[in-house]
Amino acid sequence: MAALPAGSLFFEKPLMATSSDPATTIPDQDPSEILTEPGGGKPAAGTGPWRLAGRRLRRNKVALAFGALFVLLVLVALSAPLFANHVADTGPNTNHLSDVITIDGEQKNVVEFDGVPIGPQGLAADGRFVLGADRNGRDVMVRLLYGARNSLFIGITASIITAVLAVFLGLLAGYFRGWVDAVISRGLDILWAFPVLLLGIALGVSLSLGGLDLGIFSIEGNSLWIPTLIIGLVGIVYLARPIRGQVLSLREKEFVEAARAQGASDWRIMFKELLPNLLSTILVFFPVLVANAVSLEAALSFLGAGVQPPEPSWGTMLGEGIDLLISAPHLTIVPGAMLTLTVLSLNVFGDGVRDALDPRAKVRLEH
Amino acid sequence: MTQSQPLLDVQHLKVDFRTEDGVVHAVDDVSFQVQPGEVLAVVGESGSGKSVTAMTLMGLTRSPNAKFGGSAKLRDLDLVGATDEQLRKVRGKEIAMIFQDPMTSLNPVHRIGAQIVEQIQAHEDVSDAEARDRVVKLLERVGIPRAAERVDSYPHEFSGGMRQRVMIAMAMSNDPSLLIADEPTTALDVTIQAQILHEMRDLRERSNTAIILVTHDLGVVADIADRIAVMYSGRIVETGTLDEIFYDPQHPYTWGLLGSITRIDRERPKRLPSIPGSPPSLLAAPEGCHFRPRCRHEFGDCVKYPQLEGRIPESPGHDDRCWLPVEEKRKRREIAPGQIGLEMEGATA
Amino acid sequence: MVTFVIRRLVAMVFVLFMVSVLTFLIFNVIPNSDPAVQMAGKNVTPQVVEQIRKEWGFDQNIVVQYGKTMQKVFTGELISYNNRVNVVEEIKRGAPRTFSLAIGAALTWLVIGVALGLFTAVRAGKWSDSLVTVLALIGISMPVFWLGALASYYLGYKAGIFPNGGYETFSEGGIGGWVQHLILPWVVLATLFIGVYSRVVRSSVLDTINDDYVRTARAKGLSERRVLVKHVLRNSLIPVVTLWGLDFSLAIGGGAILTETVFDLQGIGQYLAESIRRLDVPPVLAITLFGAFFIVIFNTLIDIVYAFLDPRIRLQ
């Protein structure tokens, strides 16, 4: 048997039959050649953890579907001004109490004298009052869309605030430890002692009257930023603790020591070394944060401690709708359903993200 | 050596796992025997299948994703095909196992005494008081100081080495004929390692317990083993007595393992010797001999599936899976005078 | 164990103090408007506002204000200025209703949640597991008050199966009447938590099943039943107990508010909701304070129970 060229040994399929006489000369191979090419038989391949996670997420059709649903809801909410201006021809807060509209040639009061508003018109009134009117004669469909926009804005923005502050505090507490940690942890404990809703109510009630004036900036009492800041603040406790825990364990790892040995400053270590490692935790928590924020906003607004009238949000609409439950159930059902769908899709997608980033190995291969 | 009926006879054991990436052939045609009172060391690197083999003997790998082939006869009972009840009866009684990490292997919320009593009472009708007495004696035997008090301690109140001793005491509580130890010293300090090995040697002497010791550390093996089975990529590539493996190794992978041990009585190498390359993925191993891609002695025949068989007439029982003729092996394994290894010292890795 | 308990109690006192300070700050310091006006609420004459300013110490320094605020709340002398009602009395009146709701709901979700969690853990991967998970997720996602409103309307008002809201004390309708009025609120309030609990129990059990000591237990030759009960269950339910304790206090402090409102149970929660609507600050202040206090004390108790169950904690 002639000496085989190094290349032909590296195919996975069996070579063409050659003499199997064990006494044949055995060629010497340079070991380095064996290593540079993929072997006949793949060595255990390594892929980055993000790639693996991405692959796992993509395989999870259900999670992706709900993620898409959420994106769709956001797009619908963003289309509010388009709908209002081009279809329904009215704003979310415009009262049409004494208006009369024509449907199929008939004249109808938008709001009857006994206070009952007109029901869903579908497409009969060319885009106006698709879902009917509320007690003040406002177009429910328009309010629903603007309400979605407000609720989602508050939910997402508040969650970003929560994430930024929680990561910052968690990093400080976990990295510096000592009295910094003591102060921050005690503070978190105290915040933790208040039930979230109660704290939100307390802040909402006290701030929506007179607004907030911290000297550097001030916010009007009925601005959307008040509930946003409140929800952003109360959410911190949920995320700060896990982040702190992770920082505590990460700081003992070798790459931190290595960075310190290179002379990196504390801040550099925190933000360039530790922060990227926290990313997966943040990603796992974020969808759930948004879901909780949206739910909290609805509850606060329902009670009157969140978004202040006349601005719409799912919560305020639910509050108004429940009063008219008997005569106009759709005013309650629709906003509630949209809220449920939003929270549901965020929860399912969040589950998918968590499974992708931190799967339980289905097969435990020991050595 | 008279071939009495072996305590454990494993024939062509096969374990496949179904994963989201395909079928993993974790254990591929493994056969070996263990005589009563014998210590068999199963040596290999991570991913070689040695732990899966050990756990399969105890039936701990059974799951909807696992498929088994072959047999593992403990005297008359085939452990691979046994029913759950049959398996339960022999576990902890005839065949016992200790695991790598003593910290997580004990239930943290139960006292250790209670955990050992539980094992005794699962197999024997014994009163609480009597069981407790036995436990105290067991703890004393494995060297736990103040055993009578510490019987009521929780696992977290012990150090790593002590915990492993507790595990040994627990495993031995019903006098099993076979003890499987899966990397019992890997998670411990080197000094503690020596103590644990000493314990295990004592066990064999006192109770004639056969031991299957799964490890990646050849140093541990030299201390205690009678026979050695070298595993690579799901297969046993060589098996023989301690002397046969250390002084007349037949498989290039074994040479690599022996060559990678740094020896204190030799000149200091310029580079730490290692086996080039990495083990193949168990999803797609190469055709024929799995070690081919890393073996500098590969030749044409290597694409043919090598049986595990005895190739040296003078040494029956010394089996291996290498196609090279015996004289070639004995020549090529000496990379330097008196030194066994896979490649020249200092060769680029 | 004793040192642990003492340490926890001392920590608790400290937290209670800080909680009172924070509450005080939220209501009397942070807002941008005149605290006296805020405290007065609507429809109040300027003379009353001045009187409030003196009573609460708004014309003096912060420490005095804190002192007077706390004194008013804890001596039961707190009143709402626009309807002259004693706040603490109102709270006492509503308390049994709120607790009836919360305790009933808590027991409901504990039992059903754990049962469902075990069910899905054992059947992990099968379709019944997925189905329950989906239902649980929907349950978590629904706003409590929406579910309550719809349930009250469709099952109560329209179908007449359940009473249309309201609360009956024992003296009015006996145990039967009491239960009948509370079933729907219990289930509604429990729905959210059932969803959470079944998933927590499920993942806790699945985690524990994969733990090394369960493997050891099997290797010892224990019967599968014993392995599941003494090792898996015992260990996996420990976190559930603390969680339940935490959630119970949360249910009182949060979910109950919304459920009471929707079902017209006239408990503390509903009193709070009405106060918010009227922008009547004293009740909100008092309820916030009492709510937080209750939670801190209750959680300390739970911590102590947890240390009893898991010996590793006692070392901390």
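Mentor: The radius of gyration used here is taken over C-alpha atoms, and the globule rule it is held against is 2.2 Å times the number of residues to the power 0.38. This is a predicted model, in which local features need pLDDT of at least 70 and side-chain atom pairs count only at pLDDT 80 or more, while totals for chains, interfaces and linings use all residues. Residues are numbered from 1 along each chain as its sequence is written, and chains are lettered from A and ligands numbered from 1 in the order of writing.

The chain to look at closely is chain B, whose radius of gyration of 21 Å agrees with the value near 20 Å that a compact globule of 349 residues would have. Along its principal axes the C-alpha trace of chain B spans about 65 × 45 × 45 Å. Among the contacts in chain B with a separation of 6 or more, 63% join residues 24 or more positions apart, a contact being two residues whose C-beta atoms, placed from the backbone, lie within 7 Å.

Chain B holds twelve helices and 14 strands (DSSP runs numbered from the N terminus, H or I of at least four residues for helices and E of at least two for strands). Four of the strands form an open antiparallel sheet in the order β2-β1-β4-β5, where pairing requires at least two DSSP bridges between two strands. At its edges lie β2 (22-34) and β5 (77-78) of chain B, each of which pairs on one side only. Within this sheet, β1 (residues 8-19) and β4 (residues 66-74) of chain B run antiparallel and are joined by eight bridges, with B:Lys14 standing opposite B:Gly69 of β4(B). Helix α1 (residues 50-57) of chain B packs on the sheet, where it touches β1, β2 and β4 of chain B, and its direction makes about 70° with that of β2(B) (axes are lines fitted to C-alpha atoms, for helices over the stretch in contact, and angles run from 0 to 180 degrees between N-to-C directions).

Further along, helix α4 (residues 112-123) of chain B has buried residues that include B:Ile112, B:Ile116 and B:Ile120. The cover over the buried residues of α4(B) includes α5 (128-141) and α7 (160-172) of chain B.

Turning to the other chains, chain C has 13 helices and zero strands, and its C-alpha atoms fill a box of roughly 80 × 55 × 35 Å along the principal axes. Buried residues make up 44% of the 316 residues in chain C, and 72% of its contacts with a separation of 6 or more are between residues 24 or more positions apart.

Chains A and C meet through 37 residues of chain A in contact with 37 residues of chain C. On the chain A side, α7(A) gives the most, with eleven residues. By class, that side has 26 nonpolar, nine polar and two charged residues (Ala, Val, Leu, Ile, Met, Phe, Trp, Tyr, Cys and Pro count as nonpolar, Asp, Glu, Lys and Arg as charged, and the others, Gly among them, as polar).

Definitions and conventions: A residue is buried if 20 or more other C-beta atoms lie within 10 Å of its own, exposed if 12 or fewer, and partly exposed in between; C-beta atoms are placed from the backbone.
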